[in-house]
Amino acid sequence: MPEGDAVPNLPVLTRSAGLDALAAFLAGRGAAYAADRNTDPGSEPTTSALSPYLRRRLLTEEEVVRAALDALGERGSEAFIAEVFWRTYFKGHLETHPEAWSRYRVGLADARARLAAEPGLRRTYDRAVEGRTGIDGFDSWAGQLVEAGWLHNHVRMWFASIWIFTLRLPWELGADHFLRHLLDGDPASNTLSWRWVAGLHTRGKHYLARRENIRRYTQGRHEPAGLDEEAGPLEETIPPREVPLSRADAPPDGPVALLMHLDDLHPESLPLGRAEVVRVWGLLAHADGAMERVRAADAAAMADGLGRAAAHFGCPAEPAPAGWTEDVPVVAAWAPVGPSADVLPSRCQRVRRPWDERAWPLSTRGFFRLKRAIPDLTGA
C-alpha cells in the first residue's frame, strides 16, 4: 500500500515543508527505516511521512532518492529507495494497464448500486467505515483514517485484507474510501495496492491479515480474533490488458503557457527545453468525493506551486480561469491515469520527466524487473 505512518502532524503542504521533512527523516529515523518500517507503535512514526509531498510532486522521487543515497549510502538507503520506486512502479504499471482504473470505476459504480439494493451489505459497510465492526484494531484504524486522513503502511494492508476477506465487502468500496480520506491518496498506488491485497494484481497471490502478525507489529496493542485467515484470492476472468506507453510531446520552442496539476507541482525542474513560459495556470482536480481535509491540502499545495512558478519563470501564475483560451501553445507535465489526466484539455502538449521515461517501461509486469534496474536508474 502507499507509504504511511502513525498519524504524523502534517504541516501545510508546501515544498519547503517537504524539504524540511526529508532532511529530518534522513538525519533521524531514516537510519532505522529498514528495521522499523513495518512496525506501527501507535505513537512515533516509523516511516518517512513524505508521501503527501511525493503524491503531488512537491518533492520529486528523483531528488528524494538522491538525498537518501547522499545521507545514508547505498546500503543504508536500499530499503527506503525501494519503497520510493514502488510509487514509480505503480504509476508506470497503471499507465500501461489503464483498464485497471476503468474497471475499478465500473466496479465502484456496481458496488454502490449493491449498497442501495442489499440492506445487509449496507449494514456491514456502514459498520466498517464507522468503526463499529467489533474487530480489534480495525475499528481504531477506521476512526483514524476519517479523523486524521492517515494510516501506517502496514495498517493499510491489514485494513484492506480484513475489508475484503473477513467482512466480504467489495474491494472497490474500500479503495474509494481510502482515496477520499487519505492525504496522500494516489490513484495508481491506491488502486493497484487494493488489487494486490485482493490477489488481482499478481494473479492468485493475495495478502491475508493474520492475528499473530498484527499482534507482533503493533507491539501487542491489537490482537483481533475471528479473522478469515484461510480465504482464497479474488479472481477475474481476464486481467487488464497491457497497452503501449503513450509517447510524450517535445516542448515547443518559444512562448508557452504552463498548465500545472496536482500530479506534478515542481515546475522548476520540468524538462521544458527552450520553451519560454509566459503564463502559468493551475488546474485542481480532486479525487471524486474527496473530504474537505484532502481538498484543502490539494489547494494549499497548488497555491505553493503557483507561487514558486511565478517566481521561477517571472510571469503571472494563477488558477485556471473558466473557459480559458490561449494565444500560445499550452504545455503540461505528464498527468498519470487519474483525475488530473481526465480533465487535462486534449490540446495540451504533455512532457514527461526523464525519471518516468526510464522507469515506466520497466513497470509493465511485476515490480522486481524495475527493482533489479534501480542501481542503473539511480547511478548507485
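For my own bookkeeping, I call a residue buried when its relative accessible area is under 20%. This is a predicted model, so I keep to that when wording things.

**Helix α7.** I started with α7, residues 138-148, and found Phe138, Asp139, Trp141, Ala142 and Leu145 buried. Looking down the axis of α7, I see these buried residues fall within an arc of 165 degrees, so they line one face of the helix. What does the buried set of α7 pack against? I get α6 (119-129), α8 (153-166), α9 (171-181) and α11 (211-217).

**Trp141.** I listed its touches, leaving out residues up to four places away in sequence: Leu151, Val155, Trp158, Phe159, Ile162, Ile214 and His222.

**Cores.** The largest nonpolar core has 100 residues. Trp141 is among the residues with the most contacts inside it, along with Phe85, Phe138, Ile162, Trp163 and Trp194. Which helix gives the most to this core? I noted α4 (residues 61-96), with twelve residues. There is also a second, separate core of eleven residues, including Leu259, Val330, Ala335 and Cys348.

**Ser193.** I then moved to α10 (residues 187-198), where Ser193 lies. Is Ser193 buried or exposed? I count Ser193 as buried, because its relative accessibility is 1%. A polar atom of the Ser193 side chain lies 2.6 Å from the backbone oxygen of Ser189.

Notes
Residues numbered from 1 in each chain as written. Predicted model: local features only at pLDDT ≥ 70, side-chain atom pairs only at ≥ 80, totals over all residues. Heavy atoms only, no water. Helix = DSSP H or I, 4+ residues; strand = E, 2+ residues; numbered from the N terminus. Buried < 20%, exposed > 50% of the residue type's maximum accessible area, 1.4 Å probe, protein only. Polar contact = N/O pair within 3.5 Å; in protein donor to acceptor, adjacent residues only side chain to side chain. Arc of directions from axis to C-beta. Contact = heavy atoms within 4.5 Å. Core = buried A, V, L, I, M, F, W, Y, C linked by side-chain atoms within 4.5 Å.
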